[in-house]
Protein chains: 2
Amino acid sequence: MILCAVLSPALDVTYHVDRLQVHDTNRVRTIASRAGGKAVNVARLLRALDEPVTLIATIGGPTGELFAHDLQAAGLAAELVRGDLDTRRTVTVVADDTGDATVFCEPATHADWDTFLERTASSLHAADLVVASGSLPRGVPVDGYAALTRLARDRGVPIIVDTSGPALIAALDAGPQLVKPNLSELIEVTGIEDPLRAATRVARSSGGAVVASLGADGLLAVTPHGAWRATLSRQLRGNPTGAGDAVVAALARGLLAGADWPQLLTSAAALSGAAVLAPCAGEFSADDYAELIGTISVEQLAEMT
Amino acid sequence: MILCAVLSPALDVTYHVDRLQVHDTNRVRTIASRAGGKAVNVARLLRALDEPVTLIATIGGPTGELFAHDLQAAGLAAELVRGDLDTRRTVTVVADDTGDATVFCEPATHADWDTFLERTASSLHAADLVVASGSLPRGVPVDGYAALTRLARDRGVPIIVDTSGPALIAALDAGPQLVKPNLSELIEVTGIEDPLRAATRVARSSGGAVVASLGADGLLAVTPHGAWRATLSRQLRGNPTGAGDAVVAALARGLLAGADWPQLLTSAAALSGAAVLAPCAGEFSADDYAELIGTISVEQLAEMT
């Protein structure tokens, strides 16, 4: 079982309006809502790939119950810690005339982090791999991802960390098997513009692997076994939200199956592409995934000294 | 007791953002939420004026429970009918750099209208006056306000109706004691641009009184006892949301107390002005109200033949 630790759960609400009228009143035509947060997207993708997965998240209040209900409706197993703060919402307003989206993110605050850590520790006995994703909410110390990493390592469970900034820097010290920054996150934590040099710096710092998602330029991996770049042979147009989560899902699945790095990167780049083509984060079409697998080229890179 | 019938209850959520970034992601700095809907604003104002008041509304789902909780926190007595639809939200995004507000209104749908009518009928025994306010939600027939008006009239309880369009036209046939359209609503239901002629037409249609709120031009009343116009001697700058609800609250209170029309219009125009000066709908400062009372002039108009 892959345990997905959701540090910033949210109920993602989508409003459709005919057109966005700024500084005026907009009638919402349709409303949709579902459980969100980066690790939730990862879990949705893993479940669609028939991979056993369990979420762990702290939720609270009536919005938390809607979050829980949606997970249940989606058939996603979840270990839910009840806290005393209402789960946050994000509101995405889609203007149907242009298709453009304007997003409002309520601030994330984690209630009772210590209980979450304890419950995660208890859940680790059944876990083969941990994915910990998301921004660092208020209420979680900057070494929150580092603490999760140490918990997993102490029990011999590999962990993938997908976060950014100081939380990522702190996590590297704890030695996660894999981190997955995007290009701007990679530059932010290293101060180095060149992706290969920056990823090499991060990999040395953690002692594990780094897979950086470079958008249209594909994926770059720097690992203890070598460095590779995976690219798609064609440009994709679509919704990039959740593309990084697809990379994490594919890597988690491949690592568990014992795939080698070229295989890992091929499936990660293909699933990420299929996620771009899907309308919502956490979704993909199996046909797109299968078709894109054949369009990925992986090139081994000279390692930096 | 004044019974306030809330046909379109909503949880009004306010997000503050530093500035509104259209087609981008906005971090919400602060969130506030409270029970809303026009009749809720009327009830808040009446309670602040120490007038006994009870709300009746159909609510549902987790948002309905937040609505109920906020009424309780505000000390507002409420008869709440539980339906099976989640109460809607409105989301107002205030950009702190300019102070401008962009509003998103989820559509209103009323669950189980027949039960609401029955419960309203039961509540009428304790009511001295009814206020029925709001737009016509889905699930309520176009003669919904007319049905409420007949219920009240059958029991000898006066009713003030504040709605618009076809729902207002249908209500007029049932003969409410008072209707309170604003200028655009008055023009919409009559097709007449001149406010006095339009209000006279509406008053003849209902057999009762019409008080039209004309924004900065004050109030216009056409009643079975004569016609008047009330104006403020100075222009007010502020938040016009809820100004019409303040007119309704003052008229409800004055009608119960047996005030004459010049007194009714003076208090209605002053409370409306105090509401404009207050930051939120349903609020006012007692000092503003007291000060504005002295600035209202009421002029009797020649009746139209």
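This is a predicted model: local features need pLDDT of at least 70, side-chain atom pairs count only at pLDDT 80 or more; totals for chains, interfaces and linings use all residues.
Asp50(B) is exposed, with a relative accessible area of 70%. Asp50(B) sits in the loop that links helix H1 (38-48) to strand E5 (53-59) of chain B. Its backbone deserves a look. Most residues other than glycine have a negative phi. Asp50(B) is not a glycine, yet its phi is positive, at about 60 degrees.

Is Asp112(B) exposed or partly exposed? Its relative accessibility is 47%, so Asp112(B) counts as partly exposed; the exposed class begins over 50%.

Stay in chain B and turn to helix H2, residues 61-73. This helix has 13 residues. From first C-alpha to last, H2(B) reaches 19 Å, close to the 18 Å expected at 1.5 Å a residue. Which residues of H2(B) are buried? They are Thr63(B), Gly64(B), Phe67(B), Ala68(B), Asp70(B) and Leu71(B). These residues cover an arc of only 160 degrees around the axis, which means that they lie on the same side of H2(B). The general rule behind such a pattern is simple. An α-helix has 3.6 residues a turn, so residues three or four places apart point the same way. Now look at the face of H2(B) turned away from the buried side. His69(B), Gln72(B) and Ala73(B) are the exposed residues there. Just after the helix comes Gly75(B), with a positive phi of about 70 degrees.

One more loop in chain B is worth a stop. Gly156(B) lies between helix H4 (144-154) and strand E10 (159-162) of chain B. Gly156(B) is exposed, at 62% relative accessible area. Leu124(B) is 32 residues away along the chain, and the two C-alpha atoms are separated by 9.5 Å.

Thr87(A) is placed between strand E6 (77-82) and strand E7 (88-95) of chain A. Is Thr87(A) buried or exposed? With a relative accessible area of 6%, Thr87(A) is buried. What does it touch, apart from neighbours within four places in sequence? Thr87(A) is in contact with Pro9(A), Ala10(A), Leu11(A), Ile59(A), Gly60(A), Thr63(A) and Gly64(A). Its C-alpha is also 6.4 Å from that of Gly61(A), a residue 26 places away along the chain.

Next comes helix H5 of chain A, residues 165-173. Its buried residues are Gly165(A), Ala167(A), Leu168(A), Ala170(A), Ala171(A) and Leu172(A). What do they pack against? Three of the partners are helices of chain A: H4 (144-154), H6 (183-190) and H7 (195-206). Strands E10 (159-162) and E11 (178-179) of chain A are partners as well. After H5(A) comes Gly175(A), with a positive phi near 75 degrees.

Finish with a helix pair in chain A. Two packed helices are described by the angle between their axes and the distance between the axes. Helix H8 (residues 243-257) and helix H9 (residues 261-277) of chain A have axes that come within 8 Å and cross at roughly 145 degrees. The crossing is right-handed. On the H8(A) side, the contact residues include Ala246(A), Ala250(A), Gly254(A) and Leu255(A). On the H9(A) side, they include Trp261(A), Leu264(A), Ala268(A) and Val276(A). By class, the contact has 13 nonpolar, three polar and no charged residues.

Terms used. Residues are numbered from 1 along each chain as its sequence is written. Chains are lettered from A and ligands numbered from 1 in the order in which they are written. Side-chain values use heavy atoms; hydrogens and water are left out. Axes are lines fitted to C-alpha atoms, for helices over the stretch in contact, and angles run from 0 to 180 degrees between N-to-C directions. Helices (H or I, at least four residues) and strands (E, at least two) are DSSP runs, numbered from the N terminus. A crossing is left-handed if the near helix is turned anticlockwise from the far one by less than a right angle, and right-handed if clockwise. Contact means heavy atoms within 4.5 Å. Ala, Val, Leu, Ile, Met, Phe, Trp, Tyr, Cys and Pro count as nonpolar, Asp, Glu, Lys and Arg as charged, and the others, Gly among them, as polar. The expected span of a helix is 1.5 Å times one less than its number of residues. Buried means under 20% relative accessible area, exposed over 50%, partly exposed in between (1.4 Å probe, protein chains only). The arc is that of the directions from the helix axis to the C-beta atoms.
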